[in-house]
Amino acid sequence: MNPRPTMEDVAARAGVSRALVSIVYRNVPGASDETRARVFAAGDELGYRPDHRARLLGSRQRTRLIGVAFDVRYPFHGDLVEALYPAAESLGYSLTLSAVTGTRREAAAVQSLLDYRCESLVLLGPTAPPSALTALAESQPTVVIARKVRAAGVHVVRTDDAAGSRLAVEHLLSLGHTRIAHVDGARAPGAAERRTAYVHTMRRAGLTPVVIPGGPTEAAGTDAEHRLPSGVTAVAAFNDACAIGLLHTLRASGRRVPEDISIIGYDDSTPSRLDHIQLSTVAQNADRLASAALGLATCEDRESPQEVITSPDLLPRKTTA
């Protein structure tokens, strides 16, 4: 493995002093526009990333700022952001947000946070590989929410997805359903754990699992409706968005919910609580996750990464019977 490029490497590539490179990356007066452009070009060629944590440790002035990367396509991420604000304020911190979108990649969202003097990063359901998260944590205290991942130096706060999936299936079993399908979350964080728990719970009940390809969006739920085998009377969807897409499509096709088919989601996102939806779901409890994440993001112990696992709650509403 090649060593991480240093400020000295950038200085050598750009043909300037280390002090001048420091001036450029700290965005303080003392370098011409031409020099700044040359230094940044050298840094980009080398893949250099400033160590913001070291800069903060060497400075007497703290920013009290935490950077949050989230995906605008996931309603539950919005709920988490809403919960993070009061949690941060109670600790005397502020948040800066950077969004992942259909056209803006996660790496770009995280990089923009690195350009601020954030004291820690909180990543909501990141998809980056563990190696990338480990590299990030080497320069910036990092907390991951809503993803089971082992990455050196990275704190993790997540719901017990296996327990949540079991709650969903056991709820449907208690209502007398035996033909229960699961709409999968594809490669989304938590999908593997929820899928595996669904399969195990069905088999323990002596029933045949039916896993339908899906994803974390309403569109995935819409597409899944066409793949439902005949005879299925209940569906445990990967998340609320997927469940709501399936719900709308079933209603449009004339099937009644829950009279003809029961649906349960996962997250307890804001849309699931709307009067015209009232989706039965498994709550991840955004407030608990946010509070635990901010506690880790602001702790002084940077050398002992922790994993905090919170318990989910079953919330039966009007889409299961």
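Glu225 sits in the loop between helix H10 (218-224) and strand E8; helices (H or I, at least four residues) and strands (E, at least two) are DSSP runs, numbered from the N terminus. With a relative accessible area of 14%, Glu225 counts as buried, where buried means under 20% relative accessible area, exposed over 50%, and partly exposed in between (1.4 Å probe, protein chains only). Beyond its neighbours within four places in sequence, Glu225 is in contact with Leu246, Thr249, Leu250 and Ser253, contact meaning heavy atoms within 4.5 Å. Glu225 and Ser253 are 28 residues apart in sequence, yet their C-alpha atoms are 9.6 Å apart in space.

A word on what you are looking at: this is a predicted model, in which local features need pLDDT of at least 70 and side-chain atom pairs count only at pLDDT 80 or more, while totals for chains, interfaces and linings use all residues. Residues are numbered from 1 along each chain as its sequence is written, and side-chain values use heavy atoms, with hydrogens and water left out.

Now step back to the whole protein. It contains 12 helices and 12 strands, and its C-alpha trace spans about 75 × 35 × 35 Å along the principal axes. Of its 321 residues, 52% count as buried. Among contacts between residues at least 6 apart in sequence, 66% join residues at least 24 apart.

Next, visit a pair of helices. Two packed helices are described by the angle between their axes and the distance between the axes. Helix H2 (residues 18-26) and helix H3 (residues 33-46) pack at an angle of about 90°, with their axes 10 Å apart; axes are lines fitted to C-alpha atoms, for helices over the stretch in contact, and angles run from 0 to 180 degrees between N-to-C directions. H2 and H3 are therefore roughly perpendicular, the word used for 65 to 115 degrees (under 35 is roughly parallel, over 145 roughly antiparallel, and the rest oblique). H2 brings Leu20, Val21, Ile23, Val24 and Tyr25 to the contact, and H3 brings Thr35, Arg36, Val39, Phe40 and Gly43. These residues divide into 7 nonpolar, 2 polar and 1 charged; Ala, Val, Leu, Ile, Met, Phe, Trp, Tyr, Cys and Pro count as nonpolar, Asp, Glu, Lys and Arg as charged, and the others, Gly among them, as polar.

On a 1 Å grid over the protein atoms alone, a cavity is a set of points where a 1.4 Å probe fits but cannot get out, and lining residues have an atom within 4 Å of a point. Grid points are joined across faces, edges and corners, and a volume is the space filled by probe spheres set on the points. The largest cavity holds about 200 Å³ and is lined by 17 residues, with Tyr74, His77, Phe238, Asn239 and Asp267 nearest its centre. Helix H5 gives the most to this lining, with 3 residues. The second largest cavity has a volume of about 60 Å³, and its lining includes Ser165, His182, Arg194 and Phe238.

Finally, look at the backbone. The peptide bond from Val257 to Pro258 is cis, with omega near 5°. Ala186 has a positive phi of about 60° although it is not a glycine, and at 39% relative accessibility Ala186 is partly exposed.

Note on methods: On a 1 Å grid over the protein atoms alone, a cavity is a set of points where a 1.4 Å probe fits but cannot get out, and a pocket is an open set with protein on both sides within 12 Å along at least five of seven lines; lining residues have an atom within 4 Å of a point.
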